[in-house]
Amino acid sequence: MRKNRWFLRMVSLLALSGVLMTTATLATEAGSTGDPLVSLSYLNDTFLNEIMQRVDQKIAGYTGQAPSQGTTAGSSSSAASFTVVTLFDGQVLTGEVGCEVMLRIGNAVCIASGQPGLVDETTAGTLNNGGALVENHLYMMTIEGRGVQAAAPTTKLMVRGGYTIS
């Protein structure tokens with residue numbers, strides 16, 4: 001009889017232990033500090049989006065925003081992507097090495113103290129001092145001190161890279 005009681009107590013204890021463990025497991029929330037298991041869908045859908053938003057905010061903070069309309073004389077800017085810059089008659093945009101410009105509206109001429117002035121990336125040619133820019137051609141400043149002077153009341157350029165306007 002005592003053997004049966006011992007066996008009955010052991011089975012009861014195991015059953016009670018199983019019920020308590022199941023309750024505790026169901027009560028905890030997956031992905032919480034109590035249960036750090038994280039699913040792949042959480043990483044792909046939630047966590048990755050949050051990280052990418054933070055990275056985009058940091059990049060935007062480092063690159064800044066270039067002025068888009070009516071840039072004033074003496075201003076300086078840098079753009080990681082193309083931005084629209086408006087020049088008025090006689091204003092000069094001087095680009096840093098690697099700055100790219102594209103004439104969209106108006107007229108503009110190359111300003112350079114030597115040759116080559118600007119590299120025409122569209123035709124793989126060069127444009128020397130005083131040469132007129134062609135609309136929709138992409139030009140690059142490969143030497144310091146090169147630039148573009150507006151020759152119309154309003155000239156709009158697409159600009160990528162560092163530049164100053166005077």
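Analyst: E100 is a buried residue, with a relative accessible area of 8%. Keep in mind that this is a predicted model. What does E100 form a salt bridge with? The partner is R160, and the closest N and O atoms of the two are 2.6 Å apart. R160 is partly exposed, at a relative accessible area of 29%. As a general point, side chains of opposite charge can pair when their charged atoms come close. A search of the whole structure turns up 1 salt bridge, and the pair ties together distant parts of the chain, with E100 in strand β3 and R160 in strand β9, 60 residues apart.

β3 and β9 pair in the antiparallel sense over 5 bridges. In that pairing, V101 has V159 of β9 as its bridge partner. V101 and V159 also show up in the largest nonpolar core: of its 20 residues, L93, V101, L118, L133, V148 and V159 touch the most other members. The elements that contribute two or more residues to this core are β1 (76-88), β3 (100-105), β4, β8 and β9 (154-165). β9 gives the most, with 4 residues. In soluble globular proteins, nonpolar side chains tend to be buried together.

β9 has another neighbour, β2, and the two pair in the antiparallel sense over 3 bridges. There, G95 has Y163 as its bridge partner in β9. Strand β2 (residues 92-95) pairs with strand β8 (residues 147-150) too, in the antiparallel sense and over 3 bridges. V92 has Q149 as its bridge partner in β8. Follow β8 onward and you get to strand β4 (residues 108-111), which runs antiparallel to β8 and is joined to it by 4 bridges. In that pairing C110 stands opposite V148 of β8, and V148 is again one of the core residues that touch the most other members.

Setting aside residues up to four places away in sequence, L93 touches V85, L87, V101, M141, R146, G147, V148, L157, V159, Y163, T164 and I165. That list includes the bridged pair V101 and V159, and Y163, the partner of G95.

T86 lies in strand β1 and counts as buried, at 3% relative accessibility. The T86 side chain makes a polar contact with the side chain of K156, at 3.2 Å. A polar atom of the Q91 side chain lies 2.8 Å from the backbone nitrogen of F88.

Q115 and P116 are joined by a cis peptide bond, with omega about -5°; P116 is found in the loop between β4 and β5 (118-120). A124, in the loop between β5 and β6 (125-127), has a positive phi of about 65° although it is not a glycine. Is A124 buried or exposed? At 72% relative accessibility, A124 counts as exposed. N136 also has a positive phi, near 65°, in a residue other than glycine. N136 is found in the loop between β6 and β7 (138-140), and it is partly exposed, with a relative accessible area of 41%.

To put all this in the setting of the whole chain: there are 2 helices and 9 strands, and along the sequence they follow the pattern α-α-β-β-β-β-β-β-β-β-β. Buried residues make up 26% of the 166 residues, E100 being one of the buried ones. Among contacts between residues at least 6 apart in sequence, 68% join residues at least 24 apart. The E100 and R160 pair, 60 residues apart, spans a separation of that kind.

Technical notes
Residues are numbered from 1 along each chain as its sequence is written. This is a predicted model: local features need pLDDT of at least 70, side-chain atom pairs count only at pLDDT 80 or more; totals for chains, interfaces and linings use all residues. Side-chain values use heavy atoms; hydrogens and water are left out. Two strands pair if DSSP finds at least two bridges between them. A nonpolar core is a set of buried Ala, Val, Leu, Ile, Met, Phe, Trp, Tyr and Cys residues joined through side-chain atoms within 4.5 Å. Buried means under 20% relative accessible area, exposed over 50%, partly exposed in between (1.4 Å probe, protein chains only). Contact means heavy atoms within 4.5 Å. A polar contact is a pair of N or O atoms within 3.5 Å; within protein, one must be able to donate a hydrogen and the other to accept it, and residues adjacent in sequence count only if both atoms are side-chain atoms. A salt bridge is a side-chain nitrogen of Lys or Arg within 4 Å of a carboxyl oxygen of Asp or Glu.
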